[in-house]
Amino acid sequence: MSVRPGVLSRRNLPLLLLQAREHVIAHFRPILKDAGLTEQQWRILRLLFEQGPLEPRQIVEPCRISSPSLAGVLARLEQMKLVRRSRIDADLRRVRVSLTPRGRKLVDRLAPRIEAVYQDIEARIGLDFCERFYGTLDHLIESVRHVRLT
């Protein structure tokens, strides 16, 4: 089957988003590596720091981690003594994940370095552009989140 001329004339949006992500995250990776963390682990620590204790099902979506992967990542964070899992009294089948004091200290220690990267990025591309871009990305995510486009 041949492709009609012009059918693939658009730029590859998923690839562009992936390339942008890779170029941005490259600035954060050395900080995470120095702390012995993976990107997934950092996303979880940051979420728990910002929102407080959560159930695993509440971590999956905002951190973009599958449930099977999350179980392993949480086990590793627990081994590192950065998070604690505890049963919920009202329903012992459910678990709540929270930062330990050690986890909170680590986030506190990394936060200034992470913030410095954000400030550097904003200085390079402009705060106005960043704010508009965040809004554009929020709009894109909401527009395609629950819609099957094909």
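Apart from neighbours within four places in sequence, Glu39 is in contact with Arg21, Ile25, Arg29 and Leu32, where contact means heavy atoms within 4.5 Å. With Arg29 there is also a polar contact, side chain to side chain, at 2.6 Å. A polar contact is a pair of N or O atoms within 3.5 Å; within protein, one must be able to donate a hydrogen and the other to accept it, and residues adjacent in sequence count only if both atoms are side-chain atoms. Glu39 belongs to helix H3, residues 39–51. Its relative accessibility is 19%, so Glu39 counts as buried. The cut-offs are under 20% relative accessible area for buried and over 50% for exposed, with partly exposed in between (1.4 Å probe, protein chains only).

The model is predicted: local features need pLDDT of at least 70, side-chain atom pairs count only at pLDDT 80 or more, and totals for chains, interfaces and linings use all residues. Residues are numbered from 1 along each chain as its sequence is written, and side-chain values use heavy atoms, with hydrogens and water left out.

The protein as a whole has seven helices and two strands, in the sequence order α-α-α-α-α-β-β-α-α. These elements are DSSP runs numbered from the N terminus: helices are H or I with at least four residues, strands are E with at least two. The radius of gyration is 19 Å, whereas a compact globule of 150 residues would have one near 15 Å. That radius is taken over C-alpha atoms, and the globule rule is 2.2 Å times the number of residues to the power 0.38. The C-alpha trace spans about 60 × 40 × 25 Å along its principal axes. Of the 150 residues, 27% are buried. Among contacts between residues at least 6 apart in sequence, 49% join residues at least 24 apart.

Ser98 gives an example from the strands. This residue lies in strand S2, residues 91–99, and counts as buried at 14% relative accessibility. Leaving aside neighbours within four places in sequence, Ser98 is in contact with Leu48, Pro53, Leu82, Val83 and Arg84. Pro101 is found in helix H6, residues 101–125. Pro101 is exposed, with a relative accessible area of 56%. Between Pro101 and Phe49 there are 52 residues in sequence, and the C-alpha to C-alpha separation in space is 11 Å.

Most residues other than glycine have a negative phi. Arg64, which is not a glycine, has a positive phi of about 55 degrees. Arg64 sits in the loop between helix H4 (56–63) and helix H5 (67–79), and is exposed at 60% relative accessibility. Lys81 is not a glycine either, and has a positive phi of about 60 degrees. The loop that holds Lys81 runs between H5 and strand S1 (83–88). Lys81 is exposed as well, with a relative accessible area of 53%.
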